[in-house]
Amino acid sequence: MATASPATTATPPPQAPGQVPWIVQLYGTALGKKYAMAISGILGLGYIVAHMVGNLKMYFGAESIDGYSEWLREGLLYPILPHTVMLWILRLGLIAALVVHVHAAYALTVMNRRARPTGYQSERHYVAADFASRTMRWTGVIVLLFIAFHLADLTWGVEAVNPAWEEGAAYANLVASLSRPPVAAFYLLANLALGLHIYHGIWSLFQTLGWNNRRFNSYRRSLAIGVTVVVIGGNLSFPIAVLTGVVG
Amino acid sequence: MNLTLQVWRQAGPDVPGSFATYEATDISADASFLEMLDLVNERLVLDGDEPIEFSHDCREGICGSCGVMINGVPHGPQRGTATCQLHMRTFADGDEIVIEPWRASGFPIVKDLVVDRSPFDEIIQAGGYVTVDTGQAQDANLTQIPKETADLAMDAAACIGCGACVAACPNGAAQLFTSAKLAHLNLLPQGDAERYERTESMVGVMESYFGSCTNMGECETACPKEISIDFIAMMNKDYVKAKFRNRRSA
Ligand code: FES
C-alpha cells in the first residue's frame, strides 16, 4: 500500500543557532512571532487610545486642537529634547511596531495556509470562532490601507487626497476632509474594521503572552469589549460630528 | 431510523476523492455512530462493494482513533464526546449526515476517513515523557502534590490525541494537543525538572507540521475531553522562558 507522508509546514530556519541572539531566534519560531504580534499590538493599541483621546479636543474648537497638534510636534518633552525629537522617537517606535506586526502576520498566514492546503469539502460549522477572530487578516489589511490614506489626507496633505490641506491648521484640515461624504464613509468603515481587529486582539494577547489566570480570565472579554466600544465610539463620532455640523 | 449519508471516499493518499451517498436504513437510535457505520459496511460488503474505511479501536472514548468530521464539526454535534461515544439518538429520523476525514497537511488521508496522525507521535517522541524511572505506582504516593495541581494535570492528561483540535482549528494548529501533553508532565514534580527542554523541543516539532494559533478557541469546543485553552497560554509562557533559559545550549 502506498503510504501518505505528513507534509511539513515549517520554513527551514537559517542555520547555526547559538550564533544568533536568542531574541532573533525566538522571532524565527511561530510562537515567537505571536509574541512579537502581541507586544507590537499593545504598542499600537496604546497609540490608538491616545489618538482618540487627543482628538476629542476638536469638540473644544479650533484653537484647542490646533494648539494640541502644535504641542505634539514641538512641545513633547521640550526642553529636555529639542523640538520634534520626541515626536520622531514615537513615530519610529510605531513604524517599527507596525512593520513587525505586519511581517509576523504575513509569515504566520503563509504557515497556516500550508497547514491546510486542501480545505474541507463539506460545509464547516464553527462553534467558537467568531466573526472578529476569523476576519483578522482582512480587517488588518483594511486598517493598513486606511493608515496610508489617513497619513496622506491629514499628515502629509497630499494634493490629490486633500486639496484644501494647510500646514498647521489641524481643525480646518479635518473639517475639509471629513465634510466629503465618501471620505467620511471610509473613515467610518475603517474604524469598524479597526474595532473588530482590536476586539479580538485585546482578548487574544492575554492568551498569547500567557497572562492567564483562571480568576481573571472572565474579565478579558469585558475588557476587550470596553476598550473597543470607548475607542471606536470616539473615533466614529468625529466624522459624524463633522457631517452633522457639530464640528466645523 | 433512516438516514442519508454523504461519505468521503478516497481510494488512497494520492488519488482524488469525492462524496458518495448511502442510505442507512433501519438504524437503532441506541446504536453508536460507529455501529451505524458497521451496519452500512456490512451491507456494502454483501453487495460486493468496498466498505468505508474508518479508524477505531477502543470504542469507549479513550484511544483517540475514531475522529471524523460529522456535519462540519469534529466528532459531531455533541460536546465532549468522541465519535465512538456518539449515539444515533442525537440525530433525527430522515437526517442527512455528511462525514469527512480530518483535513490538515500534518494528517494526510490514507484512505476514505482514515488519516495518518503520526506527527502527534513525533511530538510525543520529542519530550512527552520523563527520562528517569519515576518508580512503581505506589511511589507516586511518596511525593506530595496539592490536590488542585493534581486535578489540573489530570485535566490535561485526559487528552486522547485524536486530532480534533487540529481538525477544528481554522489554522490547522496543534496547540491544544501539544499544550495538554506538556502541562500534564510539567505541572507535576516528576516532570518539572525537564520542563523547559521538553517545552522547547515539543513545540519545535509541532511547528514543523502544523499551523499557528490565533486564539479562536475552536479547538476547545471540539475536544472530546473538553481540554481548556488555558493550557495553551501556559505553554506560550513556558516557551519564551525556555528559549531564554536554553539560549546558550542551542
Ligand atoms: S474508538 Fe477509541 S476513542 Fe473512539
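**A helix in chain B and its surroundings**

Reply: Start with helix 5 of chain B, residues 175-186: at 1.5 Å a residue its 12 residues should span 16 Å, and the end C-alpha atoms are 16 Å apart, so the two agree. The expected span here is 1.5 Å times one less than the number of residues. Helices are DSSP runs of H or I with at least four residues, strands are runs of E with at least two, and both are numbered from the N terminus.

Before going on, some housekeeping. This is a predicted model, in which local features need pLDDT of at least 70 and side-chain atom pairs count only at pLDDT 80 or more, while totals for chains, interfaces and linings use all residues. Residues are numbered from 1 along each chain as its sequence is written, and chains are lettered from A and ligands numbered from 1 in the order in which they are written.

Back to helix 5 of chain B, which is mostly covered, with 12 of its 12 residues buried. Buried means 20 or more other C-beta atoms within 10 Å of the residue's own, exposed means 12 or fewer, and partly exposed is in between, with C-beta atoms placed from the backbone. Among the buried residues are B:L176, B:F177 and B:L182, but also B:K181, B:H184 and B:N186.

B:S201 belongs to helix 7 of chain B, residues 195-209, and is partly exposed because 18 other C-beta atoms lie within 10 Å. Neighbours within four places in sequence aside, B:S201 is in contact with B:A126 and B:G127; contact means that the C-beta atoms, placed from the backbone, lie within 7 Å.

Now for the rest of chain B. An automatic or database domain assignment divides the chain into domain 1 (3-114) and domain 2 (118-245). Their centres, taken over C-alpha atoms, are 28 Å apart. Across the boundary, 19 residues of domain 1 are in contact with 17 residues of domain 2. The domain 1 side of that contact has 9 nonpolar, 8 polar and 2 charged residues. Here Ala, Val, Leu, Ile, Met, Phe, Trp, Tyr, Cys and Pro count as nonpolar, Asp, Glu, Lys and Arg as charged, and the others, Gly among them, as polar.

Chain B also has an open, mixed sheet of 5 strands in the order 2-1-5-3-4. Strand 2 (18-24) and strand 4 (73-74) stand at its edges with a single partner strand each, so one side of each has no neighbour in the sheet. Pairing requires at least two DSSP bridges between two strands. Strand 1 (residues 3-9) and strand 5 (residues 96-100) run parallel, joined by 4 bridges, and B:L5 has B:I97 as its bridge partner in strand 5.

Lastly, the other chain. Chain A has 9 helices and 0 strands, and 29% of its 248 residues count as buried. Its C-alpha trace spans about 75 × 50 × 45 Å along the principal axes. The contact between the chains takes 47 residues from chain A and 52 residues from chain B. On the chain A side, helix 4 gives the largest share, 5 residues. By class, that side has 22 nonpolar, 18 polar and 7 charged residues.

Key: Contact = placed C-beta atoms within 7 Å.
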